[in-house]
Amino acid sequence: MHLLRGAVRTYAWGSRTAIAEFTGRPSPTAHPEAELWFGAHPGDPAMLETEHGERSLLDALADDPEGQLGAVVCARFNKTLPFLVKVLAADEPLSLQAHPSAEQAAEGFERENNLGIPVSAPNRNYRDPSHKPELIVALGQFEALAGFRPVERTIELMRALEVTDLDPYINLLSGQPDAGGLRAVFTTWITAPQPDLDVLVPAVVDGAINYVRSGATEFEAEAKTVLELGERYPGDAGVLAALLLNRITLQPGEGIYLPAGNLHAYLNGVGVEVMANSDNVLRGGLTPKHVDVPELLRVLDFTPAADVVVHSEAVQDGTADGLESVYPTPAPEFTVSVLRVDGDHIGHEIDAPARNDGPQILLCTEGSTVVHAKNDSVTLTRGSAAWVAADDGPIRLVASEPTTLFRTTVGI
């Protein structure tokens with residue numbers, strides 16, 4: 001077991017304060033810090049703090065895959081760590097995007113290789129052959145667009161904006177209130193000529209302005225999101241797409257699971273994000289980066305979803321009931337749980353429930369605890385993380401104050 005120093009990623013939509021303050025560094029920072037990566041992604045691996053100095057987690061896995069990952073994980077995931085843990089801090093909206101399925105990613109990666117597109121090229125869609133299911137869990141209030149809203153509710157929103165230019169689309173959805181209707185409307189908007197968008201987008205923004213000024217509250221969050229996106233990305237079809245998606249406000253501890261084909265855009269907030277170890281993103285707007293509309297349409301799932309918020313479920317193991325709660329997701333690459341030590345457990349040695357025989361990444365988001373493993377121990381405080389190799393588990397905790405740890409292991 002070793003302390004794990006995350007890799008900071010700077011993107012324009014990031015925060016100059018959130019990640020720095022989370023990790024105890026001076027703020028504001030010189031550049032917006034958007035993500036803090038704890039993993040073995042070749043693009044930015046985290047560093048193990050060893051007695052011989054810092055060492056890349058990627059190198060440690062390459063030198064001793066079975067000791068670090070365990071034989072089962074090595075066999076399942078070709079001697080690679082299948083998940084990536086991030087702290088994400090968004091001060092501005094991210095791009096409208098979706099991720100491919102495993103089959104789509106493998107096919108797309110091979111296709112672009114055959115076309116001779118360099119993996120690092122800005123117009124590359126598939127940078128690896130893997131899918132990218134992901135879970136975001138809010139550390140504070142977190143705002144997002146995720147998944148297509150049930151059609152009946154979307155019709156109510158469009159009518160509330162009182163924009164006559166939306167009438168054809170209201171009629172289309174009224175006649176086909178299902179995934180097919182959503183596909184038709186979204187496809188029409190995302191492929192519309194720019195002169196058409198330059199008429200429709202401002203009309204929708206004006207409708208949102210009038211709605212907010214009216215003092216109505218039912219769709220206040222949706223209308224304000226349209227205003228914000230319209231100001232940042234005038235004439236962008238992604239502003240219209242926001243009308244079709246669930247507008248979500250997560251409270252601390254609540255999450256969103258994003259399977260393949262889920263159209264989404266994070267808007268604002270700080271959260272812990274865990275995903276398969278992939279970098280495949282298909283963008284549809286709200287970004288200056290590469291947008292490939294035909295490829296996005298190929299992977300999107302237009303099935304409406306009313307309840308997309310994920311809550312953790314307490315683990316009852318008989319030894320430390322209530323210590324751990326797990327976020328239920330179907331991803332084989334990862335399982336995310338939260339370990340909370342408080343009350344009578346403070347100051348006492350507590351055995352963490354066994355997850356599996358693979359590795360663990362522990363991320364402290366509150367408090368302070370000593371983590372004991374088979375061969376070593378480390379102290380974690382807010383913003384610090386630890387790597388627990390497969391051959392160094394299980395773990396025990398001794399917290400000196402109320403403490404929260406996010407624990408990521410390989411999925412069952």
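**Figure 1. The largest nonpolar core.** Of the 54 residues in the largest nonpolar core, Leu166, Phe186 and Trp189 are the ones that touch the most other members. Helix H9, spanning residues 194-213, gives the most to this core, with 8 residues. At least three residues of the core come from each of domain 1 (2-145 + 250-310) and domain 2 (149-245). Please keep in mind, here and in the views that follow, that this is a predicted model.

**Figure 2. Helix H8 and its buried face.** Helix H8 covers residues 179-190, 12 residues in total. From its first C-alpha to its last, H8 reaches 16 Å, close to the 16 Å expected at 1.5 Å a residue. Which residues of H8 are buried? They are Gly181, Leu182, Val185, Phe186, Trp189 and Ile190. Looking down the axis of H8, you will find these buried residues within an arc of 150 degrees, so they line one face of the helix. Two residues from the previous view return here, as Phe186 and Trp189 are among the core members with the most contacts to other members.

Figure 3. Helix H7 runs over residues 167-175, and Tyr169, Ile170 and Leu173 are buried in it. Viewed down the axis of H7, its buried residues fall within an arc of 105 degrees, so they line one face of the helix. Turn to the face of H7 directed away from the buried side, and you will see the exposed residues Asn171 and Gly175.

Figure 4. Glutamate 324 is found in strand E16, which spans residues 324-327. Is this glutamate buried or exposed? Glutamate 324 is buried, with a relative accessible area of 1%. For a partner, look to serine 337: its side chain makes a polar contact with the side chain of glutamate 324, at 2.6 Å.

**Figure 5. Domains and the annotated span.** The protein is divided into domain 1 (2-145 + 250-310), domain 2 (149-245) and domain 3 (315-409). Between the C-alpha centres of domain 2 and domain 3 there are 44 Å. An unreviewed UniProt entry lists residues 4-151 as "domain: Phosphomannose isomerase type I catalytic". The end C-alpha atoms of residues 4-151 lie 45 Å apart, and the span is 25% helix and 27% strand.

Technical notes. Residues are numbered from 1 along each chain as its sequence is written. This is a predicted model: local features need pLDDT of at least 70, side-chain atom pairs count only at pLDDT 80 or more; totals for chains, interfaces and linings use all residues. Side-chain values use heavy atoms; hydrogens and water are left out. UniProt positions are given in the numbering used here, feature names are shortened, and annotations may be inferred rather than shown by experiment. Helices (H or I, at least four residues) and strands (E, at least two) are DSSP runs, numbered from the N terminus. The expected span of a helix is 1.5 Å times one less than its number of residues. Buried means under 20% relative accessible area, exposed over 50%, partly exposed in between (1.4 Å probe, protein chains only). The arc is that of the directions from the helix axis to the C-beta atoms. Domain bounds come from an automatic or database domain assignment. A nonpolar core is a set of buried Ala, Val, Leu, Ile, Met, Phe, Trp, Tyr and Cys residues joined through side-chain atoms within 4.5 Å. A polar contact is a pair of N or O atoms within 3.5 Å; within protein, one must be able to donate a hydrogen and the other to accept it, and residues adjacent in sequence count only if both atoms are side-chain atoms.
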